[in-house]
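Keep the model open beside the text as we go.

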Amino acid sequence: MPYIHFTEEQKLQANAVDLVEFLRFKGEPLIREGSEYRLGSNHSVTVRGNEWYDHAAEKGGGPVTFLKEFYGMNYPQAVITLLNEDLAILDPPIDTPREKVKKPFELPPANKDNRRVFAYLLKHRHLDRDVLTTFVRAGLVYEDQKYHNAVFVGMDRDGTPRHAHKRSTNSQGKSFRMTAKGSDFRYAFNWPGSNNHLLVFEAPIDMLSFISKFHDSAWAKYSYVALCGTSSQPMLGMLERCPQIDTVHFALDNDQAGQLATRRLAKLVREKGLAVNALVPVLKDWNDDLCANFEQEQEVQHEQKLS
């Protein structure tokens with residue numbers, strides 16, 4: 001097999017592929033268990049986002065290692081498959097070199113207003129209006145034109161969009177989540193602050209829910225990043241761009257996958273000599289906590305009216 005050179009961006013993109021969607025596309029039977037999926041063909045293996053874990057073998061990893069472990073692929077085959085490239089490149093015809101064309105990153109066209117996104121995130125997710133408005137005005141959240149999804153934009157230090165994570169705004173039925181093609185996962189949904197603290201979340205709505213729940217006048221001085229899964233790349237990208245950070249607060253989901261990811265990511269941070277702290281939601285995630293608080297407040301107000 002000829003040597004194939006992959007750029008760092010291609011390696012990152014391959015390891016950021018959503019394994020659940022990949023396996024569904026391949027026709028693999030999956031069993032839903034909370035926020036995870038168990039393989040129908042191997043019940044000891046669970047997948048969530050771009051992470052897998054074999055509970056019997058006590059090991060796991062990302063998409064590339066999954067294809068190597070369970071599909072018998074070597075490294076080049078796995079990366080090419082995940083990048084949706086033609087496997088024929090592994091054995092190209094003589095004197096017919098193939099030039100790989102990278103799909104450029106483009107933000108989904110914006111809708112004329114953000115009415116549905118505001119309605120969904122305020123009425124159903126109970127985010128703080130001032131917090132949401134701040135992110136919308138910064139160009140970090142908007143409504144796409146075609147499907148009216150909420151788009152969470154990740155920008156670089158110059159304010160150039162480099163990543164986009166889309167989520168459906170339907171409050172009932174199956175939700176839709178997808179990262180835009182060509183996204184650079186080092187720049188996933190983030191807010192760079194000025195102080196020395198970084199807070200790490202799994203999803204953009206988790207991040208906005210935490211800020212909504214605990215925000216005060218100083219919230220914008222902190223740095224925040226949503227991994228859009230559990231990949232380490234967005235966190236490492238933030239640490240590279242914000243060298244003043246010396247303390248990382250992990251605020252991932254309160255479930256097995258989230259806490260396993262916290263331990264894995266915390267190890268990377270400690271190896272850099274940085275301090276680590278864990279922030280764990282009471283319920284499954286920070287939006288669940290935020291919504292539960294909202295419901296409690298509504299009950300108290302209702303009781304006060306009756307008394």
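Before we look at who pairs with whom, a word on terms: two strands pair if DSSP finds at least two bridges between them. Strands here are DSSP runs of at least two residues, numbered from the N terminus. Please also keep in mind that this is a predicted model.

With that in hand, find asparagine 190, whose bridge partner in E12 is valine 225. The two strands involved, E10 and strand E12 (residues 223-226), pair in the antiparallel sense over two bridges. Helix H7 (residues 204-214) packs on the sheet here, touching E10, strand E11 (197-201) and E12. The direction of H7 makes about 150° with that of E12. A further helix, H9 (residues 256-271), also packs on the sheet, where it touches strand E13 (247-250) and E14. The direction of H9 makes about 180° with that of E13.

Now step back to the whole sheet. It is open, with five strands in the order E10-E12-E11-E13-E14, and its pairing is mixed.

Strands of a sheet pair through backbone hydrogen bonds, either parallel or antiparallel. Which of these do we find in the open sheet ordered E1-E2-E3-E4-E5? The pairing in this sheet is antiparallel. Its edge strands are strand E1 (30-33) and E5, each of which pairs on one side only. Direction ignored, neighbouring strands of this sheet are turned by 25° against each other on average. E1 and strand E2 (residues 36-39) run antiparallel and are joined by four bridges; isoleucine 31 stands opposite arginine 38 in E2. Helix H3 (residues 63-70) lies across E2, E3, E4 and E5, and runs at about 40° to E4.

Elements from both parts of our tour come together at the second largest pocket, which has a volume of about 310 Å³. Strand E3 (45-48), strand E4 (51-54), strand E5 (59-61) and H9 are the elements that give two or more residues to its lining. H9 supplies the largest share, five residues. The lining has 16 residues, and Glu51, Trp52, Tyr53, Leu260 and Ala261 lie nearest the pocket's centre. By class, the lining is made up of six nonpolar, five polar and five charged residues.

In one of them, the side chains of glutamate 21 and arginine 24 meet at 3.0 Å, N to O. Both residues lie in helix H2 (residues 19-25), three residues apart, about one turn of the helix.

Technical notes
Residues numbered from 1 in each chain as written. Predicted model: local features only at pLDDT ≥ 70, side-chain atom pairs only at ≥ 80, totals over all residues. Heavy atoms only, no water. Contact = heavy atoms within 4.5 Å. Axes fitted to C-alpha atoms, helices over the stretch in contact; angles between N-to-C directions. 1 Å grid on protein atoms, 1.4 Å probe; cavity = no way out; pocket = protein on both sides within 12 Å on 5 of 7 lines; lining within 4 Å. Points joined across faces, edges and corners; volume = space filled by probe spheres on them. Nonpolar A, V, L, I, M, F, W, Y, C, P; charged D, E, K, R; others polar. Salt bridge = Lys/Arg side-chain N within 4 Å of Asp/Glu carboxyl O.
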